[in-house]
Amino acid sequence: MKIFNLWYFPARLAWRQLIHDKPKLVAATSGVLFACVLVFMQLGFKDSLYTSAASMPLKLDGDLFLIHQQSEALWRTVQFERSELMRALGHPAVTEVAPLYLSLASFKNINTHVKRTLMVYGFDPDMELLNVNSLKELKYPLRIKDTVVFDELSRPEFGPVGELIQSGQDRTEVNDYKVKIIGLFQLGISFAADGNLVASDLNFMRIFPEREINKIDIGVVRLQPGASVQQVQSELREHLNEFVKVYSYEQIRDHERRYWENVAPIGFIFDFGTVMGLVVGMVIVYQILFTEITNYRFEFATLKAMGYEHHYFIRVVFSSALILAILGFIPGLLLSNSLYDLAESQIFLPMTMTLNKIITVFAFILLMCIVAGFLAIHRLKSANPADMF
Amino acid sequence: MIIDVNNLKFSFGSGTLTQPVLNGVNLAIQKGEIVLMTGPSGSGKTTMLTIIGGLRQASNGSVVILGEQLVNSNELAKVKIRRQTGYIFQQHNLLKSLTALQNVCMTLEMYQDLTEHERQDRAQRILAAVGLEDHLHYFPEALSGGQRQRVSIARALAGQPKIILADEPTASLDRQSGHDAVEILKRLAKESNTTILLVTHDYRILNIADRVVELEDGVVKAV
Ligand SMILES: Nc1ncnc2c1ncn2[C@@H]1O[C@H](COP(=O)(O)OP(=O)(O)O)[C@@H](O)[C@H]1O
Ligand SMILES: [Mg+2]
């Protein structure tokens, strides 16, 4: 009870002082709200970036993956010899291997003829390297010369491809090469590519005449059921040339994620945005607390004369900070949630409000308000009762 | 002796800027006594009151309040005295975001042993005693000057202090409300045998005192 009252009384006073001046309270909480929305959006974009960056590796269907050690990310790979992948077949636990070819290419909008870059995946359709059902259903027609399948989750700037191919307008150019779109699949966009296209390995070579069938981007390895992925992985590492990295499913996903987090400056930009949002919010909260203390210093001095001790006022200040944090956070969360929905429907980036994000942002906002409180309490020293009466 | 001040010296500033205010004050007040202190403006009345109330540190002479030496004392001793002293200020000094009742409760919230209900009950009774039973939930800005000062008296008395220190409590009130406020203060103090040291310029209220002293040239003289 004593501990409770230790915080209850100052918190109640802080609350009463805050709600006494409602316009000021609104101004104060909107400062926190602003910081809150800013941080939510930064985290949302960042998270969306990572999820979508990993959307392709997530759909890859294999047990082990070979990439060149200099491949920074899947959209900027360094190719290696296909024979290196074939050597993996020598391992008794390996049942099949398949090369995956990747390249960025321009795609001509069927209606507007505007060209825009998307990612083209090339692989033997029989191997079903991407675990997407609609793609598997199209594996026979995909083997016909000059056919491609279009990702319907691509950005709308590529045109209403679904409607167009239904009405028979299914011809366009990829990398200035004429192709026929024979259907749709679902993969999702990333920050690296606004859209995706799948072609057979042979068609891939037709679209990109400069590419060779013997230079591959990713080698997909499948193992016998029950084989130890870890064991085969380390054995393959010994056998294969050292410039080839052997990754498990989780590792290739993390490799991609890490690229965006660390190597790409884009990860830093979002962190920077988050920090800026928090700094701006902190300055606002500090300003508010500082003026509150200045306005109330006469009252604090009165309370001091009555026998209240310094720590009581420190608790009042921190309670104010906490109340502002909560009052700003709740509308901030609601607003951010709507903005997430808006972003999802307007710019087609997956933005989801997770409990994790809510807790993270609240922790940030709380920290921000506490730091502002620490900066503001020095102002309490001006509340010296002897000099006031 | 509730208040026992001996040869108290106090000056503001230091070095060549030293401005002596109290030059050896002696003052002894017994339990239940009501003492009025007058004196010209700037004679050091407020300074003396803040030293006795444990708000200002003195380092010369002796100030024993409720058996506690305040000269060269630590913060703890001063807080102890502040809690047993009810301060009434010239400007009522009420908390503007709290109602009359909540203002009085602020005195009681320092004592952890009361329940919320007990605090409210006690505050309500003391506000009724100063004639404000109909204004419990008014904010200070909705009260008149006299009413505010009566809330402030209620707040000072709510903690059942041993001493009331009042610094020109009627200065900002008209004649009638000033007189009423001081009368109420006197009545309640006498009921509970509380000691009062009241600083005033207001010669109209001298009649409530048991004794009047004057602070002049840094020393206290009997009148
Ligand atoms: N905080 C202070 N710093 C410096 N001088 C002060 C301070 N407070 C009061 N004084 C000076 O001390 C003298 C006594 O002041 P005060 O105790 O307020 O007198 P009174 O209450 O009798 O009018 C005055 O000359 C005043 O200018
Ligand atoms: Mg004065």
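User: Which residues is Ser336(A) in contact with, leaving aside its neighbours within four places in sequence?
Analyst: Cys36(A), Val37(A), Phe40(A) and Met353(A). Keep in mind that this is a predicted model.

User: Where is Ser336(A) found?
Analyst: In helix 11 of chain A, which covers residues 310-347.

User: Buried or exposed?
Analyst: Ser336(A) is buried. Its relative accessible area is 0%, and the cut-off for buried is under 20%.

User: Zoom out to chain A. How many helices and strands?
Analyst: Chain A has 12 helices and 11 strands. Its radius of gyration is 29 Å, well over the 21 Å that the globule rule gives for 389 residues, so chain A is more spread out than a compact globule.

User: What box do its C-alpha atoms fill?
Analyst: Roughly 95 × 50 × 35 Å for chain A, along the principal axes.

User: How much of chain A is buried?
Analyst: Buried residues are 51% of the 389. The chain exposes about 17,500 Å². Carbon and sulfur atoms supply 59% of that surface.

User: And contacts along the sequence in chain A? What share joins residues at least 24 apart?
Analyst: 80%, counted among contacts between residues at least 6 apart in sequence.

User: Charges on chain A: how far apart are the mean positions?
Analyst: 8 Å, for 36 positive and 39 negative charges.

User: Switch to chain B. What is its secondary structure?
Analyst: Six helices and 10 strands. The radius of gyration of chain B is 17 Å, close to the 17 Å from the globule rule for 223 residues, so chain B is as compact as a globular protein of that length.

User: What are its box and its buried share?
Analyst: The C-alpha atoms of chain B fill roughly 55 × 40 × 30 Å along the principal axes. Of its 223 residues, 56% count as buried.

User: What about surface and charge on chain B?
Analyst: The accessible surface is about 9,400 Å², with 47% belonging to carbon and sulfur atoms. There are 23 positive and 23 negative side chains. The centres of those two sets lie 4 Å apart.

User: Which domains does the assignment give for chain B?
Analyst: Domain 1 takes in 1-84 + 161-223, and domain 2 is 93-160. The contact between them takes 12 residues from domain 1 of chain B and 13 residues from domain 2 of chain B.

User: How far apart are the C-alpha centres of those domains?
Analyst: For domain 1 and domain 2 of chain B, 23 Å.

User: Backbone now. What is phi of Asn193(B)?
Analyst: Near 55°, a positive value in a residue other than glycine. Asn193(B) sits in the loop between helix 6 (175-192) and strand 8 (195-199) of chain B.

User: How accessible is Asn193(B)?
Analyst: Asn193(B) is partly exposed, at 38% relative accessible area.

User: And Asp217(B), what is phi there?
Analyst: Phi of Asp217(B) is near 55°, again positive without being glycine.

User: Where is the place of Asp217(B), and is that residue buried or exposed?
Analyst: Asp217(B) lies in the loop between strand 9 (211-216) and strand 10 (219-222) of chain B. At 61% relative accessibility, Asp217(B) counts as exposed. The cut-off for exposed is over 50%.

Key. Residues are numbered from 1 along each chain as its sequence is written. Chains are lettered from A and ligands numbered from 1 in the order in which they are written. This is a predicted model: local features need pLDDT of at least 70, side-chain atom pairs count only at pLDDT 80 or more; totals for chains, interfaces and linings use all residues. Side-chain values use heavy atoms; hydrogens and water are left out. Helices (H or I, at least four residues) and strands (E, at least two) are DSSP runs, numbered from the N terminus. The radius of gyration is taken over C-alpha atoms; the globule rule is 2.2 Å times the number of residues to the power 0.38. Buried means under 20% relative accessible area, exposed over 50%, partly exposed in between (1.4 Å probe, protein chains only). Accessible areas come from the Shrake-Rupley method with a 1.4 Å probe; for residues, only the protein chains shown count as cover. Lys and Arg count as positive and Asp and Glu as negative; His and the chain ends are not counted. The place of a charge is taken as NZ of Lys, CZ of Arg, CG of Asp or CD of Glu. Contact means heavy atoms within 4.5 Å. Domain bounds come from an automatic or database domain assignment.
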